[in-house]
Amino acid sequence: MKAIIAEKPSVAREIAQLLGAHEKKDGYLSGNGYCVTWALGHLISLGMPEDYGIRGFNKGSLPIFPKPFILTPKKLKKTKGYEPDPSALKQLNTIQQVINQCRSIIVATDAGKEGELIFRYIYHYLQCNKPFERLWISSLTEKAIQDGFKNLQPGDAFDGLYQAAKARSEADWLVGINATQALTIAGNQDVYSLGRVQAPTLDLICQRFLQHQNFTKQKYFQIQLSHRKEYIDFTSLSLLQWEEKKQAEQIQKSIEREGRAIVEDVSVKTIQEQSPLLFDLTELQKEANRKLGLSADEVLQTAQSLYEKQFITYPRTGSKYIPEDVWADIPELVRILNQTEPFKTAVTHLKFGNFNKRIVNDLKVTDHHGLLITTKTPSALTATEKSIYEMIAYRLFESLSHTCIKQVTQIQIKVHHYEFQVKGSKILNQGWRAIKGILSDNENSNNKNEALTELPEFKTGDELKISKTELLEKVTQPPKLYTEADLLSAMENAGRSIENKEEQKALSNIGIGTPATRASIIETLLNRNYIIRKSKTLHPTDKGLQVYNLVKDKKIANVQMTAEWEITLDKIEKGELNKTQFINNIQHYTAEITNELLSLHIPQESIPQLTCPKCQQHHLIIKEKIVKCPDEQCNWILFRTICGIQLSIKDLTLLLTQNKTSLIKNMKSKNGKKFDAYLLLKDDFSTSFEFVNKN
């Protein structure tokens with residue numbers, strides 16, 4: 001018998017069906033010489049400080065350097081600490097039973113660092129020594145699984161991948177646990193959490209927010225002229241900008257009196273716009289955030305669902321290319337899409353036998369190739385799944401199309417000594433832009449001066465009549481707040497912000513986190529109340545800004561350090577660097593940041609002593625997320641975040657002393673509608689709303 005360990009039950013069922021293992025058991029399937037079972041994600045994780053006998057947050061215990069790290073079954077957070085997850089213990093017991101009755105193992109967890117780590121932690125926790133092979137596939141279609149089983153690889157071929165994943169896991173533990181405890185101790189036990197990827201990401205968000213907040217808007221004026229030539233209307237815009245309206249008006253009048261402009265320079269260029277490459281995960285998340293308003297995490301979960309339903313290839317990829325051997329499958333994918341709506345029109349723009357081969361590059365394929373659809377035609381998709389699937393399909397069409405060729409015209413004209421500019425563009429060959437019919441990146445632009453249609457012909461010395469002048473009042477704009485798409489770009493390109501040019505060049509393609517982890521980093525910052533979503537943008541909370549101000553100049557917020565980790569982990573994976581050397585360096589780094597954070601002084605919010613409204617006996621414990629009575633018999637509790645708004649200390653005091661808060665604005669109902677209301681404390685010590693009388 002051979003044991004097969006998948007990452008999720010749904011994947012295990014697909015594999016079992018294909019291998020003829022139809023007999024259902026408790027936690028696994030068997031038959032035809034196989035026992036197919038599954039992990040439930042991370043069943044095993046690194047132990048917490050209490051597993052090493054370190055309880056509570058104690059300055060004398062820091063920094064904590066486990067030697068060796070302890071592996072423990074997944075735990076759930078309870079009121080009195082962490083307890084083992086019963087479902088994890090049950091499944092671990094099942095995996096142990098399956099392994100005991102088999103002579104070898106086939107690893108079928110997701111083909112990537114996390115998937116490898118999930119299996120290896122289980123393998124080592126169960127003290128297993130049976131041989132194992134690796135199933136390495138990029139999609140869950142029947143053909144992909146069959147091909148994968150024909151080409152099983154030796155388990156030790158992935159030792160480098162495991163060592164890199166283990167190094168990341170242990171290094172994140174060292175930095176995260178020690179930094180969190182150090183900052184919490186400095187904050188007098190008000191819990192603050194930090195991590196080596198959270199801190200630089202928070203730094204990006206807060207920097208942009210403060211630049212936006214502190215920006216001073218300034219008015220300026222430009223003059224726009226209207227012209228007509230060869231029955232075509234167009235406008236020109238002054239190159240100069242004036243701060244004084246009166247001065248601009250005087251110049252406008254003198255131009256009106258002149259009534260004509262002279263063409264000084266004509267520039268006509270042919271520009272070739274390369275077709276886009278395939279999506280990697282980050283690019284898909286950015287596009288879906290811009291077009292659909294989806295969060296990075298929502299896109300990842302949707303893509304994972306499509307993958308498990310066999311409709312797309314493995315989503316956690318950092319590559320936009322495919323290897324040469326996958327190129328042969330591309331015509332079949334196009335033919336399949338040509339049989340379904342809404343793709344038939346798009347396919348007519350492709351030239352069979354003459355596809356653009358730009359996406360083929362063996363050297364630029366990482367663990368997995370760029371995102372593709374599979375040969376399985378999708379059915380029963382949710383609206384979000386449908387949208388993401390269509391984005392991936394259309395991107396395939398675009399990547400197979402040829403260059404879009406534009407003719408860009410730029411005309412310089414002069415009235416008196418004032419220069420004006422006319423811009424226009426003309427599509428010579430639509431190429432890849434014909435797929436969705438979007439012929440310009442500026443289709444949503446409000447810039448009237450940028451003509452997206454053909455301009456008349458010009459030559460130097462031509463005289464243009466001025467039919468109308470207009471004074472445009474404009475305002476300088478602050479840096480835009482980050483959307484998730486913008487933040488993902490900033491995280492992806494974080495290495496470019498490094499000032500040292502040589503280091504910047506070395507780290508130019510290295511960012512904060514990886515395509516697979518960036519969504520979880522953003523979600524972590526949201527869950528820890530460091531940032532919030534407002535409309536489509538990300539804003540730091542007061543707590544987030546406080547943490548930023550504390551650590552912005554500290555090593556833990558250093559983008560370069562985070563980017564260098566990724567280079568080092570890549571070397572560990574390739575066997576070019578020893579994991580022990582990396583962890584020793586991380587311990588040294590951890591000791592430095594722990595001392596830095598312990599030396600901080602965090603001013604405390606003035607918290608009043610409020611008596612429990614229910615028992616009237618005890619002073620309430622007031623935390624960031626909850627307010628509760630310390631008496632377990634009384635057990636009165638109030639959650640501070642209500643309909644998306646955190647109760648301030650002022651409103652909390654009003655509620656508990658006068659039974660009514662001040663008016664709380666912009667709360668959000670379950671259906672997403674905003675409302676204003678007072679919060680009331682009722683006779684049974686529960687709360688209710690008193691709505692504003694709009695009449």
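Visitor: Is Glu283 buried, partly exposed or exposed?
Guide: At 15% relative accessibility, Glu283 counts as buried, where buried means under 20% relative accessible area, exposed means over 50% and partly exposed lies in between, with a 1.4 Å probe and protein chains only. This is a predicted model, in which local features need pLDDT of at least 70 and side-chain atom pairs count only at pLDDT 80 or more, while totals for chains, interfaces and linings use all residues. Residues are numbered from 1 along each chain as its sequence is written, and side-chain values use heavy atoms, with hydrogens and water left out.

Visitor: And which residue does Glu283 form a salt bridge with?
Guide: Its partner is Lys320, with the closest N and O atoms 3.5 Å apart; a salt bridge here is a side-chain nitrogen of Lys or Arg within 4 Å of a carboxyl oxygen of Asp or Glu. The pair links distant parts of the chain, 37 residues apart, since Glu283 sits in helix α8 (residues 281–292) and Lys320 in the loop between α9 (296–308) and α10 (324–327). Helices are DSSP runs of H or I with at least four residues, strands are runs of E with at least two, and both are numbered from the N terminus. Lys320 is partly exposed, with a relative accessible area of 24%.

Visitor: How many salt bridges does the structure hold?
Guide: The structure holds 41 salt bridges. One of them joins Glu170 to Lys166, with the closest N and O atoms 3.0 Å apart, and both residues lie in helix α5, four residues apart, about one turn of the helix. Glu170 counts as buried, at 5% relative accessibility.

Visitor: Changing topic, which residues touch the most other members of the largest nonpolar core?
Guide: They are Ile105, Ile122, Leu183, Leu194, Ile556 and Phe582, out of 92 residues in that core. Helix α5 (residues 159–186) gives the most to this core, with 14 residues. Such a core is a set of buried Ala, Val, Leu, Ile, Met, Phe, Trp, Tyr and Cys residues joined through side-chain atoms within 4.5 Å.

Visitor: What does Leu183 touch?
Guide: Leaving out residues up to four places away in sequence, Leu183 touches Tyr192, Leu194, Val547, Leu550, Leu597, Leu600 and Ile602, a contact being heavy atoms within 4.5 Å.

Visitor: Last one: where is Gly513?
Guide: Gly513 is in the loop between α15 (501–506) and α16 (518–527), and at 5% relative accessibility Gly513 counts as buried.
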